[in-house]
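Student: I would like a close look at a single part of this model, taken slowly and with the terms spelled out.

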Amino acid sequence: MEITLDSPLDMHLHLRDGDMLKLVAPLSGDFAGAVIMPNLVPPVTEPGGMLAYNQRIREAMGNTPFSCYMTLFFTKQNEQQLALAQSTPSFFAYKLYPAGITTNSEGGVARLAEAENTLKLMEEMGIPLLVHGESHGFVMDREAEFLGVYRQLAQQFPKLRICMEHITTAAALDLLDEFENLCATVTLQHLIITLDDVAGGALQPHLFCKPIAKRPGDRDALLQAALSGHPRLMFGSDSAPHPRCKKEACGCAAGVFTAPLALPKLAEIFARHGALCQLQSFVSGNARRIYGLTPLAKQVTLQNTPMAVPGSYRSYGQQVVPMYAGEHISWSIKS
């Protein structure tokens, strides 16, 4: 059995910088492109820095054709600043982080009221808003507690395209159906695991991420939405590499590295549930329609021939452990 995907897109990707960027960027090269997150140290907040980061990504990719849909770290902006960003090649959207909620987000938004003028301008100018939607509450409730913020944003700015990033709960799916200006991404791991897989037995540091994996009912709802072709749900890997020494350590860094195996594992999941016909929409079609994208032409053929996932990826003095390290996946990339 085979399936050929037309220009698959990863709508949420972390590539880091420096030697880590050189290691992990080529491992996303099976995609035609990706939305690149801006939470570096320091974060990417202005167009010049965004262009420079884009260039470093292209150098790390080598000759691999790949489109970077670049994001800027959300800060208060005036109309002139937004217009400059919007006119900059490769710019895609602003990414809003609540202050201190995840990796390298200390400079994020502390009070939403401070962002309202910028959001109004973005609505008028047609600039998308991507949001890491978590509160600072109890870790299992953070997404649920943030849903009221999404509702407020969707109602207050009805023409602003708002993406709920890496959703993890059935409640987020319910909200998605309430507002036409909401869309969402979901990761590979949140279609597969629950909190029990992370911490139900021996702690599995390479499955620890934020938002944290939730309950079986949440996972099942997300999987069903993807398999059934929800028109405003898109694949965003949130592939987030950290050095092995920072994952297997006290104060384990949050992030699951899935980029090298995302497409084969998705094909395995969709095939197992008899839903391969929906995979194209999930990994490309919905994103193209929602955002009006015309991605780089690239065809990727997947086949139900097993692939072995390496125990780790090493280069440039870096070592990163992927999800399913040392295991086999029943699908692989043919070409």
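At which residue does H11 bend, and by about how many degrees?

Tutor: H11 bends by about 45 degrees at Gly285, the bend being the angle between axes fitted to the seven residues ending there and the seven starting there. This is a predicted model, in which local features need pLDDT of at least 70 and side-chain atom pairs count only at pLDDT 80 or more, while totals for chains, interfaces and linings use all residues. Residues are numbered from 1 along each chain as its sequence is written, and side-chain values use heavy atoms, with hydrogens and water left out.

Helix H11 covers residues 279–291; helices here are DSSP runs (H or I, at least four residues), as strands are (E, at least two), numbered from the N terminus. Its 13 residues should span 18 Å at 1.5 Å a residue, which agrees with end C-alpha atoms 18 Å apart, the expected span being 1.5 Å times one less than the number of residues. Just after H11, Gly292 takes a positive phi of about 70 degrees.

Phe282 joins Phe31, Phe235 and Phe270 in a cluster linked by ring pairs, where rings of Phe, Tyr and Trp (its six-membered ring) pair if their centres lie within 6.5 Å, with planes under 30 degrees apart counted as stacked, over 60 as edge-to-face and the rest as tilted.
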